[in-house]
Amino acid sequence: MKFIDEARIEVIAGNGGNGVASFRREKFMPKGGPDGGDGGRGGSVLAIADRNINTLVDYRFARKHLAKNGEAGRGSDCYGAGADDITLRMPVGTVIYDADTDELIADLTRHEQVVVLAKGGEGGLGNLHFKSSTNRAPRQCTPGTPGERKNLRLELKVLADVGLLGMPNAGKSTYIAAVSNARPKVADYPFTTLHPNLGVVRVSPEKSFVIADIPGLIEGAAEGAGLGHQFLRHLARTRLLLHIVDLAPFDPQTDPVAEAQAIVGELRKYDEDLFHKPRWLVLNKLDMVPEDERAERVADFVKRFGWTGHIHQISGLVGTGCRELVFAIQEHIDAVRAAEDAALEAELAAQSASSKTPASSAEQHTDDDTEDLT
Ligand SMILES: Nc1nc2c(ncn2[C@@H]2O[C@H](COP(=O)(O)OP(=O)(O)OP(=O)(O)O)[C@@H](O)[C@H]2O)c(=O)[nH]1
Ligand SMILES: [Mg+2]
């Protein structure tokens, strides 16, 4: 299963510029002192975690990342300019290893977390640093140090934000193909999808989410019917489930309400937590329902299914309603991420406060709290 995304890159930091040995030479100043400046620092290569990036795909194409060298120092007390660092944006969740030694270099767990991948070299010293009372015309200067150079292996465990749930043939793969970069097999027979597929849905240049298409579920999956229900484990860490229902089944005897109830039953049998996860109802294949019957068919479904939550009507095949659903999902994911960030910040603030607060003021706090309660 392609849930691990991997890339290998080479990072090369810039060398430090050399220091120089030079002497002041001016008219009427026959023995000007040393004036050779230092070399500038070489640029480092940094990584920054960005939660708006979902895959390492960019790093499979751009493999070599080079920062510039620092400039050498010059005469007349001129210091060489330092080179700028370069920053590589990587998804949150990326684990970075040294590919040669297998040593763990960093684990990017927080949005905006910065780590140094290869440190730029230090600039060398110019001869003006070597001036002393006994040596007033030093000729020493030091070269810059080389920048670090590393081969890295990046690993990302791709976690889906959204999971698709539904009977075989409900149109799960059709939907993921319509809105994401995934191109799963779509066919009019049940159990076309045998392995989970992940797709990245890009809503704007900075916003995207990952959606997981899993094999269809049928009644009795908990007891092993169809492909079983083990695939549901891939949905455990998602933030939203889309329950896709075929509103126009090929066989007129099939009742979409009974099918939807069977899915919910299997979900509950599999895991109570998954059952309580936010879940939206997506009624699919609306193109197959004559326009004048749609409202009635949808209302009848909602009533008999007893649904009070979010509902979307789409046609994965024609594309109707698909974009609106994508925007609604992104909004939901943004809100969940913001709440997660706020919770994390509060936790970090509490941690740093408790490590800084002296015992006496901590007692003070407790007193305040009890006062509030009474
Ligand atoms: N008319 C119509 N057909 C659709 C729509 N969405 C999917 N289909 C058709 O329904 C059939 C099943 O679609 P899939 O996307 O493979 O369904 P699935 O839910 O992924 O099925 P499994 O992988 O077997 O679980 C295909 O023939 C699709 O072309 C739709 O909105 N309208
Ligand atoms: Mg499928």
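Gln313 counts as buried because it has 20 C-beta neighbours inside 10 Å; a residue is termed buried if 20 or more other C-beta atoms lie within 10 Å of its own, exposed if 12 or fewer, and partly exposed in between, with C-beta atoms placed from the backbone. The model is predicted, with pLDDT of at least 70 needed for local features and 80 or more for side-chain atom pairs, whereas totals for chains, interfaces and linings use all residues. Residues are numbered from 1 along each chain as its sequence is written, while chains are lettered from A and ligands numbered from 1 in the order in which they are written.

Gln313 belongs to strand 14 (residues 311–313); helices (H or I, at least four residues) and strands (E, at least two) are DSSP runs numbered from the N terminus. Beyond residues up to four places away in sequence, Gln313 touches Leu283, Leu286, Val298 and Gly321, contact being defined by C-beta atoms, placed from the backbone, within 7 Å. Between the C-alpha atoms of Gln313 and Arg89, which are 224 residues apart along the chain, the separation is 37 Å.

The domain assignment divides the protein chain into domain 1 (4–25 + 32–130 + 145–157) and domain 2 (162–334), with bounds taken from an automatic or database assignment. The centres of domain 1 and domain 2, taken over C-alpha atoms, are 46 Å apart. In UniProt, an unreviewed entry carries the annotation "domain: OBG-type G" over residues 160–334; such annotations may be inferred rather than shown by experiment, their positions are given in the numbering used here, and feature names are shortened. Residues 160–334 are 32% helix and 21% strand, with 14 Å between the end C-alpha atoms.

Ligand 1 is surrounded by 24 residues, the closest being Gly171, Ser173, Thr193, Gly216 and Leu317; a residue is near a molecule or strand if its C-beta atom, placed from the backbone, lies within 6 Å of it. By class, this shell holds nine nonpolar, 11 polar and four charged residues; Ala, Val, Leu, Ile, Met, Phe, Trp, Tyr, Cys and Pro count as nonpolar, Asp, Glu, Lys and Arg as charged, and the others, Gly among them, as polar. Helix 2 (residues 172–179) supplies the largest share of the shell, three residues.

The unreviewed UniProt entry places the feature "binding site" at Ser173 and Thr193. These positions are spread over 21 residues of sequence but cluster in space, the largest C-alpha distance being 7.6 Å. Ser173 lies in helix 2 and is buried, with 26 other C-beta atoms within 10 Å. Thr193 is placed in the loop between helix 2 and strand 10 (197–204) and counts as buried, with 22 C-beta neighbours inside 10 Å. Leaving aside neighbours within four places in sequence, the contacts of Thr193 are Ser173, Pro184, Lys185, Asp213, Pro215 and Gly216.

Helix 2 is largely enclosed by the rest of the structure, because eight of its eight residues are buried. The cover over these buried residues includes strand 9 (162–166), strand 10, strand 11 (207–213), strand 12 (240–246) and helix 6 (322–356).

The largest nonpolar core has 41 residues, of which Leu164, Leu165, Ile211, Leu242 and Ile244 touch the most other members; a nonpolar core is a set of buried Ala, Val, Leu, Ile, Met, Phe, Trp, Tyr and Cys residues joined through C-beta atoms within 7 Å. A second, separate core of 22 residues includes Ala7, Ile9, Ala67 and Ile96.

Terms used. Contact = placed C-beta atoms within 7 Å.
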